[in-house]
Amino acid sequence: MEFKEIENKRLTRSYEFSLTKTNLDKKVDQKLEIARVNFQMKGFRKGRTPLNVMKTMFGNSTKGEVIQELIDNGIRGHLEKSGHKPASQPSVNLKSGNIDGNDDLVFLFKYEILPNIPKLDYKKITLNEYRVKIDQTAVNKALEELAKTAGSFNPKPKNTKAKEGDQLIIDFTGFIGNKEFKGGTAEDYPLVIGSNSFIPGFEGQLVGCKAGEEVTVKVKFPDDYGNKDLASKDASFKCKIKTLNGSLPAKINDDLAKKFSAKDLNELKKNIKERLANEYSTFSKSLMKKELMDALEKHVKFDLPQSLVDSELSQIVKASPDLESKKEKSNNKKKLNPSADHQKLAKRRVALGLFFAEEGNRNNIEVSEKEYKNAVMLEASKYPGKEKDFFKFLDDNIGAREQIRAPIFEEKVFDFIINLIKPNEKDISFDQFMKKFDKKINNYQ
């Protein structure tokens, strides 16, 4: 099979190839002859069914099989000979001829190749590894939060207005329009204002109420609400405030420490410092990763396969609530145009993904079987009682397996690069770090 090049522009490659009627007929006959040996039809002995009868019965389906086999083998040979690595699944379309007829068939074969990823001189990149100081203020703040968690609620004086952090004991009945809906009623329900345990907007409307009052709360169920019968619908709840309780934090002492599996207050403080150190280290690494990605985007330039950019853009649109809601409202009749920021983000992700993949391959970085299995077991633990179903899902879905391997691979490549750069260590206060973290990490991709 000969491939005639008709387009060679940047990463795009297009070819034409033909399957002649004569060759197709020959291949179909050969395939039917092989099948005829073990085929038995009423009125004929096994292996004696005439070829023309076989062709009448199975000619069209066999021709389809032959065409697919010839295309697959031809494309495989072409890619091996050319050394091309398609960025995504190549497209094959019939350009002329009729598959159901007696014509020669001409196909158009098109794909994008993966670009050449340039090597990077890491001396051009400067990174900072921030070491966050754990001061007593941070420890005290963490202790206060634990004391609130372990605290109790006590009735507030009559006519006191509810504020965030207070507990209300309420009866409520939910309505869609004028009709009560199933699951929207409860009695003596303990609700802490600010806990975000109810529908968005519900708790805030109870701020300022008093014990003994009746309040009507109006909300809208989220579009992604678990109960599809309620999703996106407006609702009202008639609430009766039966009791208003204020929170009373537990005392910060050895008894509090024991509630959190420490033998005394000193050990609890030590545990808090260790936890904060781990959290700060994780935050610091995330910030350093963001800065590395910014530097790579600046220094590494190469052509991007448009097919990969389009695929990534599609994922961004799906993950964007604003675009998804617009899509639903338009009933998919109009093609939504992602913003310039969305397109920039898609290109960034594709570029960095390709660079990391190539850098890992260049340096023989792989995910070991042990690392993969540990990650699988960790993921399976999120589905108690259904671990076997999860394992079967992985066995049947190569894409799902890759989703588990990908972040491990990326982290190993990141560590490899960081080791080459050797970041500058900088001491920084927690407040200074969080200002820098909040400013930069919001754009972390």
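Visitor: What volume does the second largest pocket have?
Guide: In this predicted model, the second largest pocket has a volume of about 450 Å³.

Visitor: Which elements give two or more residues to the lining of the second largest pocket?
Guide: Lining residues are those with an atom within 4 Å of a pocket point. For the second largest pocket, strand S1 (4-9), helix H5 (265-299), H6 and H8 each give two or more. H8 provides the largest share, six residues.

Visitor: How many residues line the second largest pocket, and which lie nearest its centre?
Guide: The lining has 21 residues. Nearest the centre are Phe-302, Asp-303, Leu-304, Val-309 and Lys-347.

Visitor: What volume does the largest pocket have?
Guide: Its volume is about 1300 Å³.

Visitor: How many residues line the largest pocket, and which lie nearest its centre?
Guide: There are 36 lining residues. Val-350, Gly-353, Leu-354, Ala-357 and Glu-402 lie nearest the centre of the largest pocket.

Visitor: Which helices each supply at least two residues of the lining of the largest pocket?
Guide: They are helix H6 (306-319), helix H8 (340-362) and helix H11 (398-421). The largest share comes from H8, with 10 residues.

Visitor: What does the lining of the largest pocket have by class?
Guide: Here the count is 17 nonpolar, 10 polar and nine charged residues.

Terms used. Residues are numbered from 1 along each chain as its sequence is written. This is a predicted model: local features need pLDDT of at least 70, side-chain atom pairs count only at pLDDT 80 or more; totals for chains, interfaces and linings use all residues. Side-chain values use heavy atoms; hydrogens and water are left out. On a 1 Å grid over the protein atoms alone, a cavity is a set of points where a 1.4 Å probe fits but cannot get out, and a pocket is an open set with protein on both sides within 12 Å along at least five of seven lines; lining residues have an atom within 4 Å of a point. Grid points are joined across faces, edges and corners, and a volume is the space filled by probe spheres set on the points. Helices (H or I, at least four residues) and strands (E, at least two) are DSSP runs, numbered from the N terminus. Ala, Val, Leu, Ile, Met, Phe, Trp, Tyr, Cys and Pro count as nonpolar, Asp, Glu, Lys and Arg as charged, and the others, Gly among them, as polar.
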